[in-house]
Amino acid sequence: MFEEFLHFIWKHKLYAQQSLLTHQGQSVEVIHPGDINSNAGPDFFNAKIKIDGTLWAGNVEVHVKASNWLDHQHQNDKAYDNVILHVVEEVDSDTFTTQGQVIPILKLPYSSLVFQEYLDLKNNKDWLSCGSKLNLVNPFEFNMWLDRMLVERLEYKMQDIIRILEQTNNNWDETFYRLLFRSFGFGVNGVPFELLAQSIPLKILLKYADNIQLIEALLLGQSGFLNQDLKGDYAQKLLSDYLFLKQKHQLEAVHNYLWKFLRLRPGNFPTIRIAQLSALLVKLKGVFGKILNENDLNILEDKLDASVSVYWKTHYTFKKESKSSEKCLGRRSKQLLIINTIVPYLFAFGKQNGQEAYAEKAIEWLRKIKAEQNNLLNKWKEYEIVAKNAADSQALIYLSNYYCKQQKCLHCRIGHNVLAINN
């Protein structure tokens, strides 16, 4: 027997019978099962239960065996003195407070069909345990859960933003700057881009925001791409500028070996992404409000347009010249920057500063952006679940990674629906 299953049955009141009796023969009516406690102490707080007609308010503890109360030494812990009901699967001992008072014990009745369905979900080796039953779930319930998953994903990302805020002394501009850099890694180079941002404070870059050459010198130099072996006047000029700025601002470069080129298309090389990022920083000049305060999504995408400098129009790396091309950010790349940088930042800014309009705008933008495409989302299509927009795709990604892959079926509304069908 798994304790989490008993928690689930108790929380959702999925009892196999309506008439409940304690082990001592007292009638039990559950008004409210209580709120789940994720910290130390009893499992459920603030429950309201009628026992033999008397209304009790207090806590509930759940165990597989009643003797687990003694195993965990709860009879010696005053934090458990306010437990009004001990819910178990097997009654093999009595339960007492620190004062020796008897606590009623309820042997929780549950359906064997529900338990078997639970075991099937837990033992299923497919990536989606409930896949074969997904067609039985009410579409309205599924969509409501996706809405919840989207908020959870944004709240999860907000914790990372709060971490960066703490590192930057609550500097929102510096925080956005670091998030923007990380997103320019487009996954594979996210870590070195984040390290690059940490290696150059925003206030230093802003000193040179009118000069694309100096911005490129700083970013390419700090990335470790500038060295004495480079050929060509522009490359040598970047190196000269960088060595001067490095000494002036006492900078330490990122290790060059962190950058990944293998299996990337030339347009995704980190050198090109740095050139695009340099152009964008010069265009925005650190005034990120130009992006964050925009309401029109199309105009926002336009503001992320930035042409690389002349040199990079004919190069992908410093090694050789290539056919001339603009190398601007594509529309899909700009949308990914909005999804992974601007939306989480807006959401966090709104929540942290009590300005819900920003958080609402962040979600609204996701609903207007085309859904992402990846292997994970393709797997959902096998079950006829198709993301209509980026809000759906973000929700499905979070649901997959933090519920399905971890088999948190009892914490998922979809899993709840599957189990409830057999109750």
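Analyst: Welcome! A residue counts as buried when its relative accessible area is under 20%, as exposed when it is over 50%, and as partly exposed in between. The model we will look at is predicted.

User: What share of the 423 residues in the protein is buried?

Analyst: The cut-off to apply is a relative accessible area under 20%. Among the residues of the protein, those that count as buried make up 51%.

User: How many helices and strands are there in the protein?

Analyst: Both kinds of element occur here. Counting along the protein gives 18 helices and seven strands.

User: Is the protein more spread out or less spread out than a compact globule?

Analyst: For 423 residues the globule rule gives 22 Å, whereas the radius of gyration of the protein is 29 Å. The C-alpha trace spans about 90 × 45 × 40 Å along its principal axes. Because the radius is well over what the rule gives, the protein is, next to a compact globule, more spread out.

User: What percentage of the contacts with a separation of 6 or more joins residues 24 or more positions apart?

Analyst: A contact here means heavy atoms within 4.5 Å. Taking the contacts with a separation of 6 or more, residues 24 or more positions apart account for 60%.

User: Which element gives the most residues to the lining of the largest pocket?

Analyst: The largest pocket has a volume of about 610 Å³ and a lining of 20 residues, with Arg153, Lys157, Ser183, Gly187 and Asn340 nearest its centre. Elements giving two or more residues to this lining are α4, α5, α14 (331-352) and α17. By class, the lining divides into nine nonpolar, six polar and five charged residues. The element that gives the most, with five residues, is α4.

User: How many nonpolar, polar and charged residues does the lining of the second largest pocket have?

Analyst: The second largest pocket has a volume of about 330 Å³. Its lining includes Phe225, Trp259, Phe261 and Phe318, along with Asp229, Lys231 and Lys319. Sorted by class, the lining has five nonpolar, four polar and three charged residues.

User: Which helix supplies the largest share of the lining of the largest cavity?

Analyst: There are two cavities of 30 Å³ or more, and about 120 Å³ of space lies in the largest. Among the residues lining the largest cavity are Cys130, Trp380, Tyr403, Cys404, Cys409 and Cys412, and the classes come to nine nonpolar, two polar and one charged. Two helices, α17 (390-404) and α18 (413-420), each supply at least two residues of the lining. The largest share, three residues, comes from α17.

User: And which helix gives the most to the lining of the second largest cavity?

Analyst: The second largest cavity has a volume of about 50 Å³. Leu202, Leu205, Leu206 and Lys285 are among the residues that line it, and the lining divides into seven nonpolar, one polar and one charged. With three residues, the helix that gives the most is α7 (residues 202-206).

User: How many salt bridges does the count come to?

Analyst: Side chains of opposite charge can pair when their charged atoms come close. The cut-off used for a salt bridge is a side-chain nitrogen of Lys or Arg within 4 Å of a carboxyl oxygen of Asp or Glu. With that rule, the count of salt bridges comes to 19.

User: How far apart in sequence are the parts that Lys133 and Glu117 tie together?

Analyst: The side chains of Lys133 and Glu117 meet in a salt bridge, 2.7 Å from N to O. Glu117 is buried at 8% relative accessible area, while Lys133 is partly exposed at 25%. Since Lys133 lies in the loop between α3 (112-123) and α4 (139-167) and Glu117 lies in helix α3, the pair ties together parts whose separation is 16 residues.

User: Are Glu155 and Arg148 buried or partly exposed?

Analyst: Glu155 and Arg148 form a salt bridge, with the closest N and O atoms 3.4 Å apart. The relative accessible area is 31% for Glu155 and 35% for Arg148. Both values fall between the 20% and 50% cut-offs, so Glu155 and Arg148 each count as partly exposed.

User: Which residues are linked with Asp160 in a network of salt bridges?

Analyst: The side chains of Asp160 and Arg182 meet in a salt bridge, 2.5 Å from N to O. This pair links distant parts of the chain, with Arg182 in helix α5 (residues 172-183) and Asp160 in helix α4, 22 residues apart. Arg182 is partly exposed, at 25% relative accessibility. Linked with Asp160 in the network are Arg163, Arg182 and Glu194.

Terms used:
Residues are numbered from 1 along each chain as its sequence is written. This is a predicted model: local features need pLDDT of at least 70, side-chain atom pairs count only at pLDDT 80 or more; totals for chains, interfaces and linings use all residues. Side-chain values use heavy atoms; hydrogens and water are left out. On a 1 Å grid over the protein atoms alone, a cavity is a set of points where a 1.4 Å probe fits but cannot get out, and a pocket is an open set with protein on both sides within 12 Å along at least five of seven lines; lining residues have an atom within 4 Å of a point. Grid points are joined across faces, edges and corners, and a volume is the space filled by probe spheres set on the points. Helices (H or I, at least four residues) and strands (E, at least two) are DSSP runs, numbered from the N terminus. Ala, Val, Leu, Ile, Met, Phe, Trp, Tyr, Cys and Pro count as nonpolar, Asp, Glu, Lys and Arg as charged, and the others, Gly among them, as polar. Buried means under 20% relative accessible area, exposed over 50%, partly exposed in between (1.4 Å probe, protein chains only). The radius of gyration is taken over C-alpha atoms; the globule rule is 2.2 Å times the number of residues to the power 0.38.
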